[in-house]
Amino acid sequence: MPRASVLVILVSMFLAACSGGQGADIAVSPDNVRSADFALLPCTVSSEDAPCLLVVAGGKRVLFGTPSGLRKAMDGKTLASLDAVLLFSLQAADLEGLDEVRNAGWTAGRETPLAVGGPSGLRDVVAALNKAYELSDAQIFVEASPKGGFGAALLGVLPGEGDAKTEVFNTGDLVVTKLEAADGRAGYWVDYGRQRAVLQPCNMDLATRFNEIDAFTLACGEEAANTWPLQNAQYLVQGASAEP
């Protein structure tokens with residue numbers, strides 16, 4: 001990814017952070033989802049142009065998409081509890097909320113660096129963002145004493161950057177597979193308890209085209225069974241153990 005593009009993206013992110021986000025202060029809490037459940041929880045800031053949802057499955061919490069306004073849509077406790085963040089693209093609309101997740105989750109008590117996965121160029125973006133906040137992180141740690149440790153302010157990179165198809169998150173029971181298009185968009189298969197969710201951004205069809213099993217699908221277009229944004233919580237596994 002050209003360095004100039006990275007700088008443009010970072011400028012957009014900082015502008016979004018300074019704006020403070022839009023919309024009501026509505027918390028999206030996964031606390032009522034049991035450890036054996038598989039739930040998709042909507043983001044109130046999600047749209048077709050900037051899809052977003054929170055997957056809660058097997059006791060893990062994975063955020064897909066980081067549009068602007070997430071710190072207004074999700075409380076700090078939820079952001080601090082994330083196990084990973086996965087991006088649909090490195091375009092500004094999909095990326096503007098990443099710094100909000102990073103900063104709000106850390107100050108609310110995240111104890112370890114937040115793992116981020118996504119398409120090619122992600123490593124450069126993460127490195128630039130960590131560098132950009134290096135001084136302010138130190139000042140916050142000294143002056144405001146965030147609940148999380150100093151190292152927890154950082155973003156890490158999940159494996160599989162640049163791979164067309166690869167597992168990017170695997171806890172043994174919850175498995176997330178990334179499918180990356182040539183234009184830098186990424187879709188995902190999320191598997192848990194013999195159920196699959198297919199999460200595909202607009203202007204991409206790889207995640208749906210190569211899926212060969214029954215699945216709950218979120219995509220764009222008239223042929224999509226469910227379209228962005230997700231309006232209501234969807235339970236793909238509920239009320240029983242997810243063990244095979």
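**Disulfides, sheets and cores**

Modeller: Let us begin with the disulfides: the count comes to 2 in this structure, which is a predicted model.

Biologist: To which residue is cysteine 202 joined?

Modeller: Cysteine 202 is joined to cysteine 220, with an S to S distance of 1.7 Å. This link is left-handed, with -55° about the S-S bond. Counting bonded cysteines along the chain, the pattern is 1-2, 3-4.

Biologist: Is cysteine 220 buried or partly exposed?

Modeller: The cut-off matters here, because buried means under 20% relative accessible area. Cysteine 202 has 15% and is therefore buried. Cysteine 220 has 24% and therefore counts as partly exposed.

Biologist: How many residues of E10 are buried?

Modeller: In E10, 4 of the 5 residues are buried, so this strand is largely enclosed by the rest of the structure.

Biologist: In which sense does E10 run relative to strand E9 (residues 186-192), antiparallel or parallel?

Modeller: E9 and E10 run antiparallel and are joined by 5 bridges. Tyrosine 188 stands opposite leucine 199 in E10. The hairpin of E9 and E10 has 2 residues between the strands, and glycine 193 there takes a positive phi near 55°. E10 pairs with E11 in the parallel sense, over 3 bridges. In that pairing alanine 197 is opposite phenylalanine 216 in E11.

Biologist: What is the strand order in the open sheet of 7 strands?

Modeller: The order is E6-E5-E4-E3-E2-E1-E13, and the pairing is mixed. Strand E6 (155-157) and strand E13 (234-237) are the edge strands, each pairing on one side only. From one strand to the next, the twist averages 25°. Within this sheet, strand E2 (residues 53-57) and strand E3 (residues 60-64) pair in the antiparallel sense over 5 bridges. Alanine 57 is found opposite lysine 60 in E3.

Biologist: Which strands does helix H6 (residues 122-132) lie across?

Modeller: H6 lies across strand E5 (114-117) and E6, and runs at about 160° to E6.

Biologist: Which residues touch the most other members of the largest nonpolar core?

Modeller: The largest nonpolar core has 29 residues, of which Leu63, Leu70, Leu82, Val85, Leu87, Leu98 and Val101 touch the most other members. Strand E1 (38-42), E2, helix H2 (70-73), helix H5 (98-108), E5 and H6 each give two or more residues to this core. H6 gives the most, with 4 residues. Apart from this core lies another, of 28 residues, including Leu40, Val55, Val176 and Leu199.

Biologist: With which residues is valine 85 in contact, leaving aside its neighbours within four places in sequence?

Modeller: Leaving those neighbours aside, valine 85 is in contact with Leu63, Thr66, Leu98, Val101, Leu114, Ala115, Val116, Gly117 and Leu158.

Definitions and conventions: Residues numbered from 1 in each chain as written. Predicted model: local features only at pLDDT ≥ 70, side-chain atom pairs only at ≥ 80, totals over all residues. Heavy atoms only, no water. Pairing = 2+ DSSP bridges. Axes fitted to C-alpha atoms, helices over the stretch in contact; angles between N-to-C directions. Contact = heavy atoms within 4.5 Å. Core = buried A, V, L, I, M, F, W, Y, C linked by side-chain atoms within 4.5 Å. Buried < 20%, exposed > 50% of the residue type's maximum accessible area, 1.4 Å probe, protein only. Disulfide = S-S within 2.5 Å.
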